[in-house]
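Colleague: I would like to learn how to read a chain model feature by feature, with the general idea stated before the particular case. Could we take the structure below as our example?

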Amino acid sequence: HKENLQSTRHIKAFSAPPTRFHNSQHQNGFLDVLTPTAIAILNSSDLSIQLSQEIQRESHAMIKELQKQQQVIHDSVNECLTQKVAQTVTLAQHLQINSGETSLTLNKSTRLLKQQETSLGYTMGPISSRDLFVKERLDRPLVKVYQTHPGTDLPEGTHLIDAGNLYSDSISVTQRNIALLKLARKKLSGDLRDKKIAMELDSNIVRLRRKKADHRWVLQGNGLTLQKLSSLPNK
């Protein structure tokens, strides 16, 4: 009996005429059964959907523009890094050439120093006077007799002393130049090593940037990529 009563109520509920709101200004077919508040909410949601679609289109255009700018900046940075690598290679080559020329000059200066020291030794003569021949002595008897006359002094001794002083000064200058050349070669070697390291680092940076250049733009919150956004219909 209870089941028959419930089924009778359901039949009456479904067979009852729908309640219509004659004061509503909207005639929406099946939406006439809704309240004015629900209709206002639906209209507001429709505006929100249109606004969200407009924002979505603007976001899509903005992302494409940002992607173009990002690509331009990326290419510009890569080009600058490539130019920097090329400049570093050129500087490294010049440094290597200068280092070789410095080494060549250093070898020449070293040979010159040895020749100057040998010449100074020849000029100073033997260490002991007993190693001199009689004809090489300035105090031999013939010279003593010759110097008894006025104005007949022999200038060989003075010339040898002056030549020895000149050789000593030249040896000091050459030694100082050799020290400067060694310091310059050391600095050039350090600069060349630094340039090679910088060139390797810049090349690795360019290679890494090219490797990581393929980006995918993702909208936060819904996980839509740029490819998915482009496939959406414009409403």
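Colleague: In which helix is Ile161 found?

Modeller: Before going into detail, please keep in mind that this is a predicted model. Ile161 is found in helix α4, and with a relative accessible area of 55% it counts as exposed, because the cut-off for exposed is over 50%. The C-alpha atoms of Ile161 and Met124 are separated by 8.0 Å, although the two residues are 37 apart along the chain.

Colleague: Stepping back to the whole chain, how many helices and how many strands are there?

Modeller: The chain holds five helices and zero strands, and reading along the sequence gives the pattern α-α-α-α-α. Of its 235 residues, 16% are buried, while the accessible surface comes to about 18900 Å², with 58% of that belonging to carbon and sulfur atoms. Among contacts between residues at least 6 apart in sequence, 68% join residues at least 24 apart.

Colleague: How should I read the span of a helix, and what spans do α2 and α4 reach from first C-alpha to last?

Modeller: The idea is to set the end-to-end distance beside the value expected at 1.5 Å a residue. Helix α2, residues 36–124, has 89 residues and reaches 126 Å, which is close to the expected 132 Å. Helix α4 has 56 residues and reaches 81 Å, close to the expected 82 Å. After α2 comes Gly125, whose phi is positive, near 80°.

Colleague: Which residues make up the largest nonpolar core?

Modeller: The general idea is that, in soluble globular proteins, nonpolar side chains tend to be buried together. In this chain the largest nonpolar core consists of six residues, namely Leu106, Leu113, Leu120, Ile171, Ile178 and Leu181, and both α2 and α4 (156–211) supply at least two residues of this core. If neighbours within four places in sequence are left aside, Leu181 is in contact with Thr102, Thr105, Leu106 and Ser109.

Colleague: Which residues of α4 are buried, and what covers them?

Modeller: The buried residues of α4 are Gly164, Ile171, Thr174, Ile178, Leu181, Leu188, Gly190, Leu192, Asp202 and Val206, and what covers them includes α2.

Colleague: How do I read a pocket, and which residues lie nearest the centre of the largest one?

Modeller: In general, rolling a probe the size of a water molecule over the atoms shows where empty space is left. Here about 300 Å³ of space lies in the largest pocket, which is lined by 15 residues, and of these Thr123, Met124, Leu132, Leu138 and Leu160 lie nearest its centre. Helices α2 and α4 each supply at least two residues of the lining, and α4 gives the most, with five residues.

How values were computed:
Residues are numbered from 1 along each chain as its sequence is written. This is a predicted model: local features need pLDDT of at least 70, side-chain atom pairs count only at pLDDT 80 or more; totals for chains, interfaces and linings use all residues. Side-chain values use heavy atoms; hydrogens and water are left out. Helices (H or I, at least four residues) and strands (E, at least two) are DSSP runs, numbered from the N terminus. The expected span of a helix is 1.5 Å times one less than its number of residues. Buried means under 20% relative accessible area, exposed over 50%, partly exposed in between (1.4 Å probe, protein chains only). Contact means heavy atoms within 4.5 Å. Accessible areas come from the Shrake-Rupley method with a 1.4 Å probe; for residues, only the protein chains shown count as cover. A nonpolar core is a set of buried Ala, Val, Leu, Ile, Met, Phe, Trp, Tyr and Cys residues joined through side-chain atoms within 4.5 Å. On a 1 Å grid over the protein atoms alone, a cavity is a set of points where a 1.4 Å probe fits but cannot get out, and a pocket is an open set with protein on both sides within 12 Å along at least five of seven lines; lining residues have an atom within 4 Å of a point. Grid points are joined across faces, edges and corners, and a volume is the space filled by probe spheres set on the points.
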